[in-house]
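Try each task yourself before you read its solution.

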Amino acid sequence: MTKAIKVEIKKLVTMADMGLGVERPLNREKRAWIKSLTKNKTQKPILVSPIKDSGYYILLDGWHRVQALKKQRKNHAF
């Protein structure tokens, strides 16, 4: 069962961060996708799973949306 929760960006961890995957470079297509997502004020939720006893969450789906949100926050004061 899934439920909606709010998670701070700094509490998100990717598989690559954990040494379990490869971080791929952003190609032109991915940069364009992130740029288009940045223009949206609302995003679909991301999918995370808690990492036991750590206070952190593994990012399962939504990496591009997280990057767009980071870009929005960089460009605007929140």
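## Exercise 1: two residues

Thr14 is buried, as its relative accessible area is 17%; buried means under 20%, exposed over 50%, and partly exposed in between, with a 1.4 Å probe and protein chains only. Before going on, note that this is a predicted model, where local features need pLDDT of at least 70, side-chain atom pairs count only at pLDDT 80 or more, and totals for chains, interfaces and linings use all residues. Residues are numbered from 1 along each chain as its sequence is written, and side-chain values use heavy atoms, with hydrogens and water left out.

**Task.** Find where Thr14 sits, and list its contacts beyond four places in sequence.

**Solution.** 
- Step one: look in the loop between strand E1 (12-13) and helix H1 (28-39), and there is Thr14. Helices (H or I, at least four residues) and strands (E, at least two) are DSSP runs, numbered from the N terminus.
- Step two: skip the neighbours within four places in sequence, and Thr14 is in contact (heavy atoms within 4.5 Å) with Ile58, Leu59 and Trp63.

**Task.** Is Glu29 buried or exposed?

**Solution.** 
- Step one: go to helix H1, where Glu29 has its place.
- Step two: check its relative accessibility, which is 64%, so Glu29 counts as exposed.

## Exercise 2: the whole chain

**Task.** Work out the order of helices and strands in the protein.

**Solution.** 
- Step one: count the elements, and you get 2 helices and 3 strands.
- Step two: read along the sequence, and the pattern is β-α-β-β-α.
- Step four: turn to burial, and 17% of the 78 residues are buried.

## Exercise 3: the pocket

**Task.** Which element gives the largest share of the lining of the largest pocket?

**Solution.** 
- Step one: a pocket is an open set of points on a 1 Å grid over the protein atoms alone, where a 1.4 Å probe fits, with protein on both sides within 12 Å along at least five of seven lines; lining residues have an atom within 4 Å of a point.
- Step two: the lining has 24 residues, and Ile5, Lys6, Val7, Pro45 and Ile46 lie nearest the centre of the pocket.
- Step three: strand E2 (47-51) and helix H2 (63-75) are the elements that each give two or more residues to this lining.
- Step four: H2 provides the largest share, with 5 residues.
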